[in-house]
Amino acid sequence: MNYSPSFQLTANPAGHVGKAQRMALVLIGFGVLALLVATFGAGATQPILMLSVSMALLIGGGLLYIVKQYGGGIAGIKNNGITFSSSTARGSVGWMLAIVITGFYVLLYWFPETLEGLIRMMDPLSYTLRGQPSDQWFMYGTFYTLAIVVMGYRAILKYRHNRYQMIRTASVMFFQLFFAFLIPALLVMFQQKEFYFTYFWPLKYYYLFPSGYEEFAQGGGLAPFMIRWAAIMTFIGTPVLTYFFGKRWYCSWVCGCGGLAETAGDQWRQLSDKSLTAWKIERWMIHSVLVFITITTALLWINSASQGEVLGSVSQGFSSVYGFVIGALFSGVVGVGFYPIMGTRVWCRFGCPMAAVLGILQKKMSRFRITTNGGQCISCGNCSTYCEMGIDVRSYAQRGENIIRASCVGCGICAAVCPRGVLSLENGPTEGRYNGAQFVAVESIGIPPKQ
Amino acid sequence: MNVAIIGNGVAGITAARHIRKLSDHQITVISDETEHHFSRTALMYVYMGHMTYQNIKPYEDWFWQKNRIDLVHGHVEAIDTDNQKLAISGGRAIGYDVLILATGSKPNKFGWPGQDLEGVQGLYSWQDLQAMEHNTKGISRGVIVGGGLIGIEVAEMLHSRRIPTTLLVREQQYWNNVLPVDEAQIIGRHIQQQQIDLRLGSELKEILADGNGRVRGVITGTGEEIPCQFVALTAGVSPNIEVVKRSNVATGRGVLVNDFFQTNIPNIYAIGDCAEFHEPKPLAPKVEQLWYTGKMHGEVVAHTICGNQTPYNRGVWFNSAKFFDIEYQTYGYVGNTLRPGEATLYWEHPEGRHCIRINYDAQSHVVNGFNLFGIRYRQEVCSRWIREGRTLDYVVQHLGEANFDPEFFRQYEPEIVKLYNQQNPGAPVVLKRERGIVGSQWSVVSGQ
């Protein structure tokens, strides 16, 4: 029985596009057209013109729209009309966006020559930052960083009543702009190896594959230091930081995948599947990926140590399959392309092996938890609805239990949208972490607490 | 044993869940509102487009069958207490050994002329929400009658759809029959900031009809006519007990119960909004119409029905709400005026969106209540302080322990300590604990 046809079918009654916003949409529309023109050839012949025009239109239009949407009015939760809007409620706009983004990733990974115009358009920027021509990944990285920075500004304005959200968003913007974009580019400029200080095995598996390890260990300049950094962060930095702060120190403060989800993806966070079935699938999938990459890494090292005598081409086969299925298809195409349909953290939730490791640490040995404030929950469901990781936060909160889930990335949106101040992200003693506060309702009414 | 529960709101469902936890009884929940339990407090968010109906259901649909809780979607037409049978719409009958009445409330209508016109409604049920969706389509103004919690929710709902709104409040300040004047003014200012036309000290006199039996305006107590196409009647709710009144179960305003939620008929209980206590506890109302009390009633009655007679004692009082963007929490007893012998420590941020009130006994300085606006405090800590009879100086020094705001939020406790020291010169106190990323990282989470 369908109880809410009228809520599903109405046009967005809260959607109100003012004059300035329409103007902003015009700019964005022209910016997209400029990108098309660049792709069709003008990017190669007129790179500086096309780059400056398209960026000016996209950034200018984007910022104008954002400021008009979230800059005025009273600070507070701004979720009006999300379930009515075609772009945020799996309407036709949402589906169209999903197809376009997915298609872009397919072209990027397997048919980059079709994007030649766009890649050439980035040459001026690439020469400035890296001293060499652009390639598809530099072009992609530029758009990716741009999306995080511009939409990060949107997130900061939208959540400006909440300092945790503002600081956290500034953090993902910072790490993307500097550690995932400018620093790697400048390293190339100064004849160093391109290196990402914020990505570690098993997410950036290459750094601990024998080939990657040897390439850096035997490389010149900063390379030996870089590979030591990568190894230390994998084996020491990750467990120590996760012990103190939970998974969030990485997933919602540093990581670029998380960064995109929290900024550009914020409008789709409510689309994640909250069902128990989805949780079961998630646990199987993410841990399978972790096992897969661990076995692949181990095989490669065995193979390397035995100089190919034991396993021959088997380990290379594992590596290629992993690279295609997980590295490209899952993390790229599905991970971002499906934002408008399955929510923003599909990759983080179902596929990321780094998230799997962090999750196990968070569950077993961490000071992090989301505390529930006694018996204050009204079961409204805002926390669960806006959990991008599909955690049914309410199911814990309404029982007065703390929330400690392997998948929780600590974005803090559940605590922000809660209309009764029931949830708080905290680091504290590991002892009694799961117990939560005494469920006050039970205590008040004289029923002995459950053991 | 066969337990029937009328009503699938939070009280009835909590009772069903706990009876299932404690026993193997057969459980049937009957409701004519929706097939599955939903969170009534979240209705506003469906209208505002924050959540869908699916989102406001606290349990997935498989939950009920898995826990052997039978759901009947139908209206109870008669309660036959002699034969222990319920007559359900459509000619069906359901027998019971134990009956729990959890029929909730209905919006008050005080006999205003025009109160039954089309476009005039309360907001309580799923059907009310659907009606509101229909009634507010394309309108140019809505008028809300009643300055309580539902009234401001409706204001927020209309505001989310950019519908100009007038809020008629009988009291001189918003919700002043519950809130002290300072707090009421904070909310009043906040409502006006949202461009809501707030009319304090203003009553509804009459609702005007157009030619088709639809509302076209209201007339206020001063005779002013306000044109509108929608009127929300939110002047409180009262027990929804029509069907109970036609049975042998004794009723007053609500279904009359003792401390065990037992009615005059031994195997029939009443909980939640529809129950009325013969002898309420001091300071407690006869009818408790809150989410939290409904939940507590449900749990207590489950224990009694499953053989562990448990009297209801709601303990240290608490409640919470959100007025547009300002959150409200209260612990203990804070009335709208001070009782004799009671004193208060009140701090308000200069911007007027945050405040803390701590009430205490003027003689002994024992703290008895907190009001918090725009600041979150831990229920566990505040209730413990009240239960343990902590004095004001102790509480003020330890306020950091209670702070529950998110990390990096500005902490106002030092300012409260300063205020306390100004008002109590002679023995200055210092804040012993702070909350924050360092506070929470290196100090204990609570307690100790």
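I began with pairing: two strands pair if DSSP finds at least two bridges between them. Helices (H or I, at least four residues) and strands (E, at least two) are DSSP runs, numbered from the N terminus.

The model is predicted, so I kept in mind that local features need pLDDT of at least 70 and side-chain atom pairs count only at pLDDT 80 or more, while totals for chains, interfaces and linings use all residues. Residues are numbered from 1 along each chain as its sequence is written, chains are lettered from A and ligands numbered from 1 in the order in which they are written, and side-chain values use heavy atoms, leaving out hydrogens and water.

**Strand E22(B)**

I looked up E22(B) and found that five bridges join it to strand E25 (residues 367–373) of chain B, the two running antiparallel, with Gln329(B) opposite Leu372(B) in E25(B). Strand E21 (residues 318–323) of chain B also runs antiparallel to E22(B), through six bridges, and Phe323(B) stands opposite Ile326(B). I noted that E21(B) and E22(B) form a hairpin with two residues between them, where Phe324(B) in the turn has a positive phi of about 55 degrees.

Why is E22(B) largely enclosed by the rest of the structure? Seven of the seven residues of this strand (residues 326–332) are buried, so the rest of the structure largely encloses it; buried means under 20% relative accessible area (1.4 Å probe, protein chains only).

**Nonpolar cores**

I then turned to nonpolar cores, sets of buried Ala, Val, Leu, Ile, Met, Phe, Trp, Tyr and Cys residues joined through side-chain atoms within 4.5 Å. The largest has 128 residues, and Ile79(B) and Phe370(B) are among those with the most contacts inside it. Its largest share, seven residues, comes from helix H8 (residues 291–305) of chain B.

Conventions:
Buried < 20%, exposed > 50% of the residue type's maximum accessible area, 1.4 Å probe, protein only.
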